[in-house]
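I set out below what I looked up in this structure, entry by entry.

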Amino acid sequence: MPLLVMKFGGTSVATLDRIRRAAKRVGREVANGYDVIVIVSAMSGKTNELVGWVNETSPFYDAREYDAVVSSGENVTAGLMALTLQEMDVNARSWQGWQVPLLTNSAHASARIESIPTDNLNARFASGMRVAVVAGFQGISPEGRITTLGRGGSDTTAVAFAAAFGAERCDIYTDVDGVYTTDPRISHKARKLDRIAFEEMLELASLGAKVLQTRSVELAMRYNVRLRVLSSFEDNGADAGTLVCPEEDIVESNVVSGIAYSRDEAKMTLISVADRPGIAAAIFGPLAEAGVNVDMIVQNISEEGRTDMTFSCPVDQVKHAEKALAGSRDRGDVNFADLVADTDVCKISVVGIGMRSHAGVAAKMFECLSSEGINIKVITTSEIKISVLIHRKYLELAVQALHDAFGLDKAA
Ligand code: ASP
Ligand code: MG
């Protein structure tokens, strides 16, 4: 039988009533003749609560126990979804990650999927099971311990199952009806995109557009999974939502397709470090080991053999970064005069594959920000995106102004 993967995010399974609504959608696809793998998130807010409990219990926690705690939210919704389907006379069964099994590496709290053997589920499909409800976000390490895939990881679970089982489509049901040119809560002119290229979605996702976990887009791109983002609160027709697809499948697009932001960034500057070979490795190695997600890096020009090094990271990792750098200084690996943290910054990025063939996007972005009186603190660019750090209080203004400047309210 043809197979679909349907993933329901936290808001789509937030109450028993919503689980029932989601189950009805699944039931319709079963009636259409599909076997279905349903991937569920935890009820919305649940994972945050669990993470909070872990942090309160143990600020520098053992990541294996973090995973033991935070993976539990998905177990509840998987069981409830299976029960709801059974009440509708659909032959359904829940599966925790280890039961499938979804095999990962041992990088607790941000584990990578290594493989998903299909025999177990396929044998059950062959003997009459119509729906496998799989707990998203979790797997099992080679040591036999529960792992989780990083926040938002159930998107990645969904795409990985779609790839492993050769699903016809991977539908991601969420609380928005697709991917927008920017966050509609910030600009009322935001427009839903019918299609977006994998690469653009990858940038938007990694830049903080929360609709899909970055890793899930990488996987979809690699295995060419037809990925659709759509609302679980509306009746959607066959072409509802946004299709994330190869670039060739997009006929017309604006030079810029989206504006993303990340509100809670920090800018850290190491004042006066030695400008010598190996200094960057000495700084960023220990930061990586401490799990700090360094994003932008700027090294200033040096004077008398000393330079300043600036980087950005999520604001909630500032303490970890400070601790790691203090450790490096104590060991004598890196010497610096001061470490200055600016915790009031946000990052704004414009993204579009059209930038490859159009010049002047950066200039237009900077003019736009300047005409709003917004100071730019750090700039980075890549082939299809330009990012800036600015003061957090200008976030809304910057997004709205850039959305207007690039004419994103109108389709190409
Ligand atoms: N429940 C997990 C989280 O909130 C995984 C997910 O929903 O994708 O991050
Ligand atoms: Mg999510």
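**Conventions.** I worked from a predicted model, in which local features need pLDDT of at least 70, side-chain atom pairs count only at pLDDT 80 or more, and totals for chains, interfaces and linings use all residues. Residues are numbered from 1 along each chain as its sequence is written, chains are lettered from A and ligands numbered from 1 in the order in which they are written, and side-chain values use heavy atoms, with hydrogens and water left out.

**Ligand 1.** I listed the residues near the ligand (a heavy atom within 4 Å of it). Ser41, Ala42, Thr47, Glu74, Phe137, Arg151, Gly152, Gly153 and Ser154 surround ligand 1. I sorted this shell by class, with Ala, Val, Leu, Ile, Met, Phe, Trp, Tyr, Cys and Pro as nonpolar, Asp, Glu, Lys and Arg as charged, and the others, Gly among them, as polar. The shell holds two nonpolar, five polar and two charged residues.

I then looked up polar contacts (pairs of N or O atoms within 3.5 Å). Glu74 places a polar side-chain atom 2.6 Å from a nitrogen atom of ligand 1. For Ser154, a polar side-chain atom is 2.4 Å from an oxygen atom of the ligand, and a polar backbone atom of Gly152 is 2.8 Å from an oxygen atom of ligand 1. Ligand 1 taken alone exposes 260 Å², of which the protein buries 87% (Shrake-Rupley areas, 1.4 Å probe).

I used a 1 Å grid over the protein atoms alone: a cavity is a set of points where a 1.4 Å probe fits but cannot get out, a pocket is an open set with protein on both sides within 12 Å along at least five of seven lines, and lining residues have an atom within 4 Å of a point. A volume is the space filled by probe spheres set on the points, which are joined across faces, edges and corners.

I found one cavity of 30 Å³ or more in the whole structure. The largest cavity contains about 40 Å³ of space, and Ser12, Arg18, Arg21, Ala22, Ser232 and Phe233 line it.

The second largest pocket contains about 250 Å³. Of its 16 lining residues, Arg191, Leu193, Arg195, Glu252 and Ser253 lie nearest its centre. Its lining comprises seven nonpolar, four polar and five charged residues.

**Aromatic pairs.** I counted four aromatic pairs in the whole structure (ring centres of Phe, Tyr or the six-membered ring of Trp within 6.5 Å; planes under 30 degrees apart are stacked, over 60 edge-to-face, the rest tilted). Phe8 and Tyr173 are stacked, at 4.9 Å centre to centre with 15° between the planes.

**Backbone.** I noted a cis peptide bond between Val100 and Pro101, with omega about -5°. Ala109, although not a glycine, has a positive phi of about 75°.

Methods:
Polar contact = N/O pair within 3.5 Å; in protein donor to acceptor, adjacent residues only side chain to side chain.
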